[in-house]
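Please keep the sequence and the model in view while reading.

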Amino acid sequence: MARQFQELGVASDSRPDWGIRNDEFVVQLRGRQGIKKYREMSENDPIIGAILTAQSMMLRSIEWRVEEGSETAVEFVRSVMHGMDDKSWEEFVADVLTMLPYGFSLFEMVPRRDSDGLVRMKKLASRAAWTIDRFETTETGDIKGVWQVASQKNVYIPYSRLLHFRTTSAANEPSGRSVLRSSYTSWHAANNIKYFEGVGIERELNGLPIWSIPGEWFSSDAPDWQKNFISEAKRIGRDVKRNEQGFIAVPSDLWAEDDGKLTNSPMVKFDLIASKGTRDIDTGKVITRYQQEMAMSCMADFVMLGMNDRGSFALSKSKADLFLKALEGYADTISAQLNRKLLPYLWELNGMNKDDMPKIVRGRIAPVDLEELGTFIQRLALSGVDLFPDDRLDKHLRDVAGLPEGDPDRPRPNALAQEAEGNDPTMA
């Protein structure tokens, strides 16, 4: 083969066959432990959970249409979308959206032959991200398949049988990039502060445990019973709680003076020191700041509006519009994979003509301000622009307004006008 037709370089120095995101410089986010960490973030943090829920609900609610191609081909694709055995199309889309926290989502295409002789999808079976051990690739980085480790099985699934959704294909990284990646440091910091805040509150309520123990008992050559007492005192001080089961027993012996006379000072004493005032650091504000950073990294900081005295309606609208635009990008990623992989796979199994293959198209996500749109159309009409009749414009306006499709047999306005003037529109 001539050298000019050979691929010489590689997408990056990352080797997916070594494991998922082996080039990640944060060790905790490499491989399957990184997937588990993203799962912990998405399921345990209320702000991240709210963001992911908002993304999922918005994308699940959009309409998916089949366009272009013959009527027979369109009906066939619709029967595939809504005829799977294990789940509805909306549930499938919800599973696809696990690519947001994990960076990618995989589905094994499981076909079936129906009574009419056509091959459809029995199921698009989800393969959870935390069960994927590694991607297998060629020397140039092209994906050949994946190894799945689950239920005490190690299974290889060829790439030709997979639908592969990912948030980004930068550097041809098969595992994509989690939308939570940039928020990890803020999440980690906020998590630590929450822990110390809880400890601080406990100490404020209970007081700081303090033991008074003879100094000689801390000596390295102290008898074993004194060393054992020190170890036990440390354990008690660490675990002491003020509850219905908590108690501490201390010796009642008193120190004696040189002449043998007992003093009022016990040999061992336990006490709780109460706080002498409030702390200078407002941990609530610090945690809120980190939460805002997490929301900003997902372009969803509008969820934080109202938690402080900043922000306005115009600002919230702009931020929400940006968030919805980002979701439209993810929806385009979904439709692109379906049209590039699922439909050609079905057409090949059925021996159909690929020239007649339709497309799966997403509906709108971001709502349109109909009042603004109406004003714009009115101004265009007043300026002399001839807008109607126009089938494409009519279809688009009905789509953005959520109105049903028009009746193709309905007479057009110009035809009605000619009819009213006594002319035959068909002879025009």
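The accessible surface of the protein chain in this predicted model comes to about 26,400 Å², and carbon and sulfur atoms account for 51% of that area. The chain has 428 residues, of which 34% count as buried. Its secondary structure comprises 12 helices and 12 strands. Among the contacts in the chain with a separation of 6 or more, 63% are between residues 24 or more positions apart.

The surroundings of L338 can be followed in the model: leaving aside residues up to four places away in sequence, L338 touches W89, F92, L163, F165, L343, P344 and I360.

Strands β4, β5 and β6 form an open sheet of three strands in the order β4-β5-β6, with antiparallel pairing. Which strands are at the edges of this sheet? The edge strands are β4 (132-137) and β6, each of which pairs on one side only. From one strand to the next, the twist averages 20°. Strand β5 (residues 143-150) pairs with β6 in the antiparallel sense over six bridges. The bridge partner of G145 is P158, a residue in β6.

Attention now turns to charged side chains. Side chains of opposite charge can pair when their charged atoms come close. How many salt bridges does a search of the whole structure find? The search finds 19 salt bridges.

E43 forms a salt bridge with R39, and the closest N and O atoms are 3.3 Å apart. Both residues lie in helix α1 (residues 31-44), where they are four residues apart, about one turn of the helix. E43 is exposed, with a relative accessible area of 54%, while R39 is partly exposed at 32%.

A second pair joins separate parts of the chain. The side chains of R161 and E108 meet in a salt bridge with an N to O distance of 3.5 Å. R161 lies in the loop between β6 (153-158) and β7 (162-166), and E108 lies in strand β2 (residues 104-113), so the pair ties together parts that are 53 residues apart in sequence. Is E108 buried or exposed? E108 has a relative accessible area of 16% and is buried because this value is under the 20% cut-off.

Another salt bridge joins the side chains of E136 and K144, at 3.5 Å from N to O. Here E136 is partly exposed, with a relative accessible area of 24%, and K144 is also partly exposed, with a value of 39%.

Salt bridges also occur here as a network. The residues linked in this way are D85, R112, D114, D116 and R120.

Technical notes. Residues numbered from 1 in each chain as written. Predicted model: local features only at pLDDT ≥ 70, side-chain atom pairs only at ≥ 80, totals over all residues. Heavy atoms only, no water. Helix = DSSP H or I, 4+ residues; strand = E, 2+ residues; numbered from the N terminus. Buried < 20%, exposed > 50% of the residue type's maximum accessible area, 1.4 Å probe, protein only. Contact = heavy atoms within 4.5 Å. Areas by Shrake-Rupley, 256 points an atom, 1.4 Å probe, with all protein chains shown as cover. Salt bridge = Lys/Arg side-chain N within 4 Å of Asp/Glu carboxyl O. Pairing = 2+ DSSP bridges. Axes fitted to C-alpha atoms, helices over the stretch in contact; angles between N-to-C directions.
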